[in-house]
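Hi,

Here is the structure I promised to pass on. Have a look at it first, and then read my notes below.

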Amino acid sequence: MTYAILYALCGTVLVGVGFFGVVICRHVLRKVIALNIMGAGTFLVLIALARRTPGTLPDPVPHAMVLTGIVVAVSATALALALLRRFHRETGRTELDRVVE
Amino acid sequence: MSFEATILGLIVLPLAAGVAVFLARQTAWPLTLAIAVLQLVSAFQLAGIVSTDGPLRYEVGGWGAPLGIDLYADGLSALMLLMTAIVGSAVSVYATAYFGSHESGEKHGHDQHLFWPLNLFLWAALNALFLSGDVFNLYVTLELLTLAAVALIGLAGTVEALAAALRYLLIAVAASLFYLLGVAMLYSVYGTVDWNLLGSQLRSDLPSLCAIALITVGLLLKTALFPLHFWLPAAHANAPAPASALLSALVLKASFFMLFRLWFSVFPGADLRLAGHLLAALGAAAIVWGSLQAIRQRHLKLMVAYSTVSQIGYLFLVFSLAAEPTVAWDAWSATAFFALSHACAKAAVFMAAGSLQYATGSGDIDALAGTAQQQPVTVFAFAAAGVVLMGLPPSGAFLAKWLLLESALLSGQWLLASVVIVGGVLAAVYIFRVVARSLVAPEGRATRHVPLLMQFVPLLLALVSVALGAIGPQAMSLLEVGTPFPPLTTGGVP
């Protein structure tokens, strides 16, 4: 097993852990953090898979994709935090359950 | 004007205008209307170029496939761009009146000016998505779309809207990450993200199947196919009416377009017959379950949102029907046409619902008593668009459903055929429930005057969706450009 495969497997596990958190956690801040763990896992897979043939330089395209993905993840996190702050200010709650009727 | 200018104009103009509108608030509606006219012209022009010259490919900055960004337009993209331009323009005009009337003395007026930049950003993201030539670019545009859509949901500022926006954001970002993981796996196996190249190389091995599964699940979550629709009703019902119209008519179609394109242009290399039947079965379940829920709702916009859940189901029948080569073209083209028809009708219904809610001051269906006398134009618009949701002639939806029904019968899928018919009957039930209530004698309470634009824009769009049946043949010949299923010479449009 090469290091690249090991990293890719770790990334996959992180995606699983993150998704578990998004589904299971009730506190929205925890959900947002879990989402970021999921994102980090995806990016780790992308970086690990960039080393396509051993002994040569890694492929730069997945790295460019990760940079784009990070920008997206940061914006989404910022939006989620802004919405959560507003939600908390209006209701004093940090959980989404039983809000809608 | 060359097609490069048209393509770039479709993406760059709304984006630039969105920034301008955000910075200078007073330019909002004149600039949006100017962009709307330009979008309509460009979309029709692109459709014209595509139908004469065939599929177009444009390398942004001249960089080329492996490193640069390729834009690609064929008949399907052109039809989706037309859909975006028509619905987007109508909603923009409606929104000028909607937010104009709600600013004076309404409690939820403070953040509404943000609708304008969000509307334009949404528009740019949609156009870029429909023109994307590679699967990674699709991811980026889908995320831009999601962020704009989340903000539109939260625009109303109520607690319900904020919760719905947050829930949608969490689900949508998780879904996008599934999609991105799938793209990463495809890239690691095939070394390209260009979907035309991927389509010619795709094999049926384990990494590819994992990638396909991840991509499909991610996109199903975003398209809200039953049973993954749980986030949709709250999100679409709590947004302001113009935003609901955009979300239901266009945003769902974007992720469906991705699945539609990938499934038939990229994934055929892997044998997905069984998965296709599963998707169609979920679609059939969505049609029945969504309609039944719509019939049960007391709140008008929730009813319309559940109607969307049900109508989305029709789009998924093709994944089973296209497995039969003789009917593949009919089912494929009917589905694309159904998407266009549903977009116009659903936007009209949501806008009419917004006008009725404004007139009666209540979102309940029971409060509509007597509106047929006092708001005849709006009720007529609702009913006319409702005819399209039921799929009665001469609407475009009738043509699409007819083709779907014919494909289902010819390929021996009796169950799917009966669901198409039952879905139409159930749609009639929930539409007539509203129309019947509006015909009941008024309960002594006069309705508020609705601005003329808020009456006639839904009516116009509803009439467009009814008249779409007349342009069926033109739409079909446009769809033939770059289709994965060349039509057989026999048979034709009824």
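Before the helix pairs, one definition: a crossing is left-handed if the near helix is turned anticlockwise from the far one by less than a right angle, and right-handed if clockwise. Helices are DSSP runs of H or I with at least four residues, strands are E runs of at least two, and both are numbered from the N terminus.

Residues are numbered from 1 along each chain as its sequence is written, and chains are lettered from A and ligands numbered from 1 in the order in which they are written.

**Confidence**

The model scores ipTM 0.93 and pTM 0.92. Where pLDDT is low, the predicted coordinates should not be read in detail.

**Helix pairs in chain B**

Axes here are lines fitted to C-alpha atoms, for helices over the stretch in contact, and angles run from 0 to 180 degrees between N-to-C directions. Angles under 35 degrees count as roughly parallel, over 145 as roughly antiparallel, 65 to 115 as roughly perpendicular and the rest as oblique. Two residues are in contact if their C-beta atoms, placed from the backbone, lie within 7 Å. For residue classes, Ala, Val, Leu, Ile, Met, Phe, Trp, Tyr, Cys and Pro are nonpolar, Asp, Glu, Lys and Arg are charged, and the others, Gly among them, are polar.

- Helix α4 (residues 115–131) of chain B packs on helix α10 (residues 241–266) of chain B at about 20 degrees, with the axes 10 Å apart. That makes the two roughly parallel, and α4(B) passes α10(B) in a left-handed crossing. On the α4(B) side the contact includes B:F115 and B:L122, which with their partners meet residues of α10(B) including B:L246 and B:F257. By class, the contact has 11 nonpolar, no polar and no charged residues.
- Helix α11 (residues 273–296) of chain B and helix α12 (residues 300–316) of chain B pack at about 160 degrees, with axes 7 Å apart, and they are therefore roughly antiparallel. α11(B) passes α12(B) in a left-handed crossing. This contact has 14 nonpolar, seven polar and no charged residues.
- Helix α16 (residues 376–390) of chain B and α18(B) pack at about 170 degrees, with axes 9 Å apart, which makes them roughly antiparallel. Their contact divides into 10 nonpolar, three polar and no charged residues.

B:A427 lies in helix α18 (residues 414–439) of chain B. A residue is buried if 20 or more other C-beta atoms lie within 10 Å of its own, exposed if 12 or fewer, and partly exposed in between, with C-beta atoms placed from the backbone. B:A427 has 26 such neighbours, so it counts as buried. Leaving out residues up to four places away in sequence, B:A427 touches B:S291, B:S307, B:L389 and B:M390. B:A427 and B:A294 are 133 residues apart in sequence but 8.5 Å apart in space, C-alpha to C-alpha.

Most residues other than glycine have a negative phi, and most peptide bonds are trans. B:A224 has a positive phi of about 65 degrees although it is not a glycine, and B:A224 is buried, with 28 other C-beta atoms within 10 Å. A cis peptide bond joins B:F226 and B:P227, with omega about 0 degrees. The bond from B:P393 to B:P394 is also cis, with omega near 5 degrees.

**Where the chains meet**

The contact takes 28 residues from chain B and 32 from chain A. On the chain B side, α6(B) gives the most, with 18 residues.

Cheers

Definitions and conventions:
Predicted model: local features only at pLDDT ≥ 70, side-chain atom pairs only at ≥ 80, totals over all residues.
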